[in-house]
Amino acid sequence: MKKRILATLLLTTMLGLTACGSKAPESDVDYIKGKGTLIVGITDFAPMDYKDDSGEWIGFDADLAKKVGDSLGVNVEFVEIDWDNKILELKNKSVDVIWNGMTLTDEVKNSMECTNPYLNNAQVVVVPSDIANQYKDAASLSGLSFAVESGSAGEAAAKDNGYNYTSLTSQADAVMEVDAGTSQACIIDLLMAGAMIGEGTSYPKLTHTVELTKEEYGIGCRKGSDLAAYINDKLSEYYKDGTTQSIATTYGVQDAVIAP
């Protein structure tokens, strides 16, 4: 009997220590509400996140992020990051979410807690309009020098196709390289190409040709974060009440929207 009582006491003590030593994972939603700010990691990427004439961040992603911030009752702060360091920025809590037309690659999905896809996209090749008809497929592009954003899906596409490329800080920089003639072509997101190049834009003499990949955009949170599920719920709500389509139409991406 004494042995049985001793064993029971020992087990109870061990369970008590385990309970004291274990800690429920911190809620990111509560953490963000507590500090009063949702910090959004971005790059300058029209039509997703870019500055208007007054210096305010706008765009399809920026406007949706502001809506989510309002629902949390917090301010939204946009922070430009090195895209190559986006996973580290999340882990270090320098930012709370990556919301910037982010392609759902295997690396991203393995390293972040991602939302459901919300936009379709592709990686396209941008060249001067006067030579565009020379390039009909991926093979025909093999002799060109490319500019790409470091850590982007465009860089991955360049690697996969064996292209000669230079990695830069942003997709906008890659487009400028082609316009300046420093690089013969660049690889950027189709949605960005639609907003940034061609007639009526800052780069009227550039156009996009070959689509190298088809992909989907998602929003990235810290691994295990409950913020991703919260954003999913909000995106579903905004889609149903028409908010998403209204914002998408403002920035010309309405045809790319994915229903929740």
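## Terms and model

A residue is called buried here when its relative accessible area is under 20%, exposed when it is over 50%, and partly exposed in between (1.4 Å probe, protein chains only). Please keep in mind that this is a predicted model: local features need pLDDT of at least 70, side-chain atom pairs count only at pLDDT 80 or more, and totals for chains, interfaces and linings use all residues. Numbering starts from 1 along each chain as its sequence is written, and side-chain values use heavy atoms, with hydrogens and water left out.

Let us start with helix 2, which spans residues 28-35. Helices (H or I, at least four residues) and strands (E, at least two) are DSSP runs, numbered from the N terminus. Asp-28, Val-29 and Ile-32 are buried in helix 2. Viewed down the helix axis, the buried residues fall within an arc of 105 degrees, so they line one face of the helix; the arc is taken from the directions from the helix axis to the C-beta atoms. On the face turned away from that buried side sit the exposed residues Asp-30 and Gly-34.

The cover over the buried residues of helix 2 includes strand 1 (37-42), helix 3 (60-72) and helix 9 (227-240). Just after the helix, Gly-36 adopts a positive phi of about 80 degrees.

## Salt bridges

A salt bridge here is a side-chain nitrogen of Lys or Arg within 4 Å of a carboxyl oxygen of Asp or Glu. The count by this rule is seven. One of them joins Asp-96 and Lys-35, at 2.7 Å from N to O. This pair links distant parts of the chain, 61 residues apart: Asp-96 belongs to the loop between helix 4 (86-91) and strand 5 (97-103), whereas Lys-35 belongs to helix 2. Asp-96 counts as buried at 0% relative accessibility, while Lys-35, at 31%, counts as partly exposed.

Glu-237 and Lys-234 form another salt bridge, at 3.3 Å. They are three residues apart in helix 9, which means that about one helical turn separates them. Glu-237 is partly exposed at 39%, and Lys-234 is buried at 16%. Elsewhere, salt bridges that share partners join Asp-28, Lys-35, Asp-96 and Arg-222 into one network. Glu-211 and Lys-214 also pair, at 2.8 Å; Glu-211 is partly exposed at 38%, and Lys-214 is exposed at 71%.

## Nonpolar cores

A nonpolar core is a set of buried Ala, Val, Leu, Ile, Met, Phe, Trp, Tyr and Cys residues joined through side-chain atoms within 4.5 Å. The largest has 53 residues, and those with the most contacts inside it are Phe-60, Val-97, Trp-99, Leu-119, Leu-227 and Ile-231. Apart from it lies another core of 15 residues, among them Tyr-135, Tyr-163, Ala-185 and Val-210.

Contact means heavy atoms within 4.5 Å. Setting aside neighbours within four places in sequence, Leu-119 has contacts that include Met-48, Phe-60, Leu-191, Tyr-217 and Val-257.

## Asn-100 in strand 5

Our last stop is Asn-100, a residue of strand 5 that is buried, with a relative accessible area of 1%. Its side chain meets that of Thr-43 in a polar contact of 2.8 Å. Beyond neighbours within four places in sequence, Asn-100 is in contact with residues including Gly-41, Phe-45, Asp-49, Asp-61 and Trp-83. A polar contact is a pair of N or O atoms within 3.5 Å; within protein, one must be able to donate a hydrogen and the other to accept it, and residues adjacent in sequence count only if both atoms are side-chain atoms.
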